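Here are a few notes to read alongside the model. Have the sequence open as you go.

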Amino acid sequence: MLQQVFGYPSFRGPQEAIVRHVVGGGSALVLMPTGGGKSLCYQVPALCMPGLTVVVSPLIALMQDQVAALQQAGVAAEGLHSALDPQQTAQVWSQLQRQELKLLYVSPERLLAGDLLEQLGSRVSLFAIDEAHCVSQWGHDFRPEYRQLDQLAQRFPAVPRLALTATADPRTREDIRERLGLQADQVFLASFDRPNIRYLLRSKQQPREQLLSFLEEQRGSAGIVYARSRSRVDQLTAVLREAGYPAVAYHAGLESEVRRQALEAFRLGSDVVVVATIAFGMGIDKPDVRFVAHVDLPKSLEAYYQETGRAGRDGLPAVAWMVHGPGDIPQLRRFIDDSAAAPEQKRIEHGKLEALIAYSEAAGCRRQVLLRHFGETLAEPCGNCDGCLEPQRRQDCRVAVQKVLSTVFRTGQRFGAAHIVDVLLGANSERLRSLGHDQLSVFGIGSELDRNQWRAVIRQLQSRDVLVSPAEARGGLSFGADALVRPLLRGEEPVDLALPDPTPTGRRSRRAANGAGAEAPGVAIDPGNPLLAALKAWRLAQAREQGVPPYVVFHDRTLLELTAQRPLSLEQLSAVGGIGRAKLERYGEALLQVLSDRDL
Ligand code: ADP
Ligand code: ZN
C-alpha cells in the first residue's frame, strides 16, 4: 500500500505503530514535529479500512494541497469547503452519496453544521483531527470552532478518532486529550529533533546587513524572514526587492487579496522569499522551504521551534538563522506584562521567553538545549548548529567573570546590570561619583569588552544562577549559592561563555562570520546540476498546467533521487521514493524522456 500508492519503501518513526493501532479500531493522540509525516498516519488507514475517513482541517489552503496530492497518487479524495462553487459542491455530494470517496477533508464548522454527519452517519470509519492543538486555549492557535469536536466522541463512540499535532507542550497535550475525549487512549510521541535543520544564531549588530549577507548564500531558494512589526516587514521587503530577491510581504495589515497573492506566489514558486510577521504560519505546508530567518526574537522557545520547523519539511538540508541581541528582550517582557492575560498565564509566558533567552545564549550545542526543553536528551552534540560548527565563538571568560563578580561584591550586591557595567567601563557619571564608585579598585578595569559583551557575560551568569536577582531586589544582582560562586571568584576553572562580536564602531563589518562550515547531512542540493534544472523545469510546466504547486507533482527529494540514480526503465523508476503506481502511469514516460537526454 505504502509503496504502491505513495511510493515509499518503508514507514518512518512511529508511523507503522500508529497505522496498526488505528486500523485495529483504536483512538490516539499523535505528537510529531512538522515534517514528521503525520498525514500518512491517517491516509494509509483510510485506504485499508472500509468506508470513509473524515479529515478535519482548519485551513482551506491545507485541504486543497492535500487533496491535490492524494488525487495525484490516484486516491479518491475530496474537500468540502467554502472555496468550492455550488456545482463543485454538488459534485462532491453525489460522490459521497455514491460512496465513491475514501477521504473527505472538511473544516470543523462545515462538519458540524447542517446534517452532514447524519448523512455520512454509519459509513465513517475514522475521524482524523489535524492541527489538534487548535482545540486548546493553551496552544498557540486556538480556534473556537474546534471546541465542538467534543461531540464526535459522544455521537460516534465506536468510530476511532486520531488527533494529530506538532505542539509538544505538555499542558496543551493534556488539554487536547481532555477536550477530544482521548484521556484513556494511547499517545504516540515522536522525537522532536529535526536533524536536517541547521541552527545558526548570530549576535545582532546590523540586522539588515547581516540578513543580506545570509540571503546571499541562499539565493534561488524559497524561505521565510520573520520580523516583529508590520513596518519592519514592509521595509525589509523593499530592501530585499532592491537587492534582487523575489520578495513578498505578509502581515495582518495587508488587504486579504494581497495576502492571498503573497501566499500563492510563495506556494507556487521555488525561490520566493516571504517577509512576514508571525501572522504568516499555519497552513504553510510547503515542503521545500530552505531557510527560516528571524531578524527579531520570537516570543518563546515554542514559537521559535514552530516557526523554524517550517523549514525543510522534505527532509533535505535547511537553515534556521536568527540574529538576536539584548535589545529585543525588554520589549518582549513588556509585551507580556501589558497583555490582557491572567497573572498565571503571564508567568507561563515569561517562563517560555526565558527558555528562549537561555537557548540563544547557551554555550555548546543548540540542539541539545532545544530538545531538552521538549523533554528529550540528545547524548552527543549534533554537529549541525553554530555551537558545534563554530566552537571558536565561545571563549574562556574566567577573567571577565572574576571582574564581574568582584564588581558586584564591591558595590554591595544591590546594583543592577547597567550599573555594574558602568563601573567596569569606568563611565564618567555623576551617579557613580556620588556613590563613590569611581574610587573602587574595580572602576574601569573592563575596557577589553564593550557594553554589549559585558551584558552578555552577566546574563549568562544569571542563567547559571551564579548571579541572582530576587524579586524584592528590583533588578539588583547578588551572589547565588556559595558553591557556584566561589570557584569562579578564584578563577580556577575555565568558564566558557558565548560573547557577541564587538559592536562595530563606525566601520561597517559586512559579511561577518557567516560561513556555513561543514556540509549538512543528507543529500546536498546542487543548484548547478543541469539534469536537476531540467527536471525542475519539467515539473514546473506540469504544475502550471494543472494549477497545483510543484511539490504536488513531485517532491525535491524525488527529483534529487532521479538525478542520482538516472533510472532508464519504468521498473527502475518505480523504485524511486515518491513514485507510486498512479504517478508512474501518469508521468513515467515523460520522466524517462527528460532523463534520457544525453546532454544533461
Ligand atoms: P507533517 O504533516 O507531519 O508536517 P507530512 O505528512 O506533510 O508531515 O510529511 C512530511 C514529508 O515527509 C512529506 O514530504 C511526505 O511525503 C514525507 N514522508 C512522510 N512519510 C514518509 C515515509 N514513510 N517515507 C518517506 N517520506 C515520507
Ligand atoms: Zn549542535
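1. Start where two domains meet: the interface of domain 2 and domain 4 holds 1 salt bridge, meaning a side-chain nitrogen of Lys or Arg within 4 Å of a carboxyl oxygen of Asp or Glu. The partners are D556 and R290, 3.8 Å from N to O. On the domain 2 side, the residues touching domain 4 are 3 nonpolar, 1 polar and 6 charged (Asp, Glu, Lys and Arg count as charged; Ala, Val, Leu, Ile, Met, Phe, Trp, Tyr, Cys and Pro as nonpolar; the others, Gly among them, as polar).

2. A word on the source: this is a predicted model, where local features need pLDDT of at least 70, side-chain atom pairs need 80 or more, and totals for chains, interfaces and linings use all residues. Residues are numbered from 1 along each chain as written, chains are lettered from A and ligands numbered from 1 in written order, and side-chain values use heavy atoms, without hydrogens or water.

3. About 820 Å² is buried between domain 2 and domain 4, with 60% from carbon and sulfur atoms (accessible area, 1.4 Å probe, lost on putting the two parts together, summed over both).

4. Now the metal: C365, C382, C385 and C388 coordinate the zinc ion (ligand 2) through their SG atoms at 2.3 to 2.4 Å (donors are N, O and S atoms within 2.8 Å of the metal, or 3.2 Å for Na, K and Ca; water is not among the atoms, so sites may look incomplete). Along the sequence, these donors follow the spacing C-x16-C-x2-C-x2-C.
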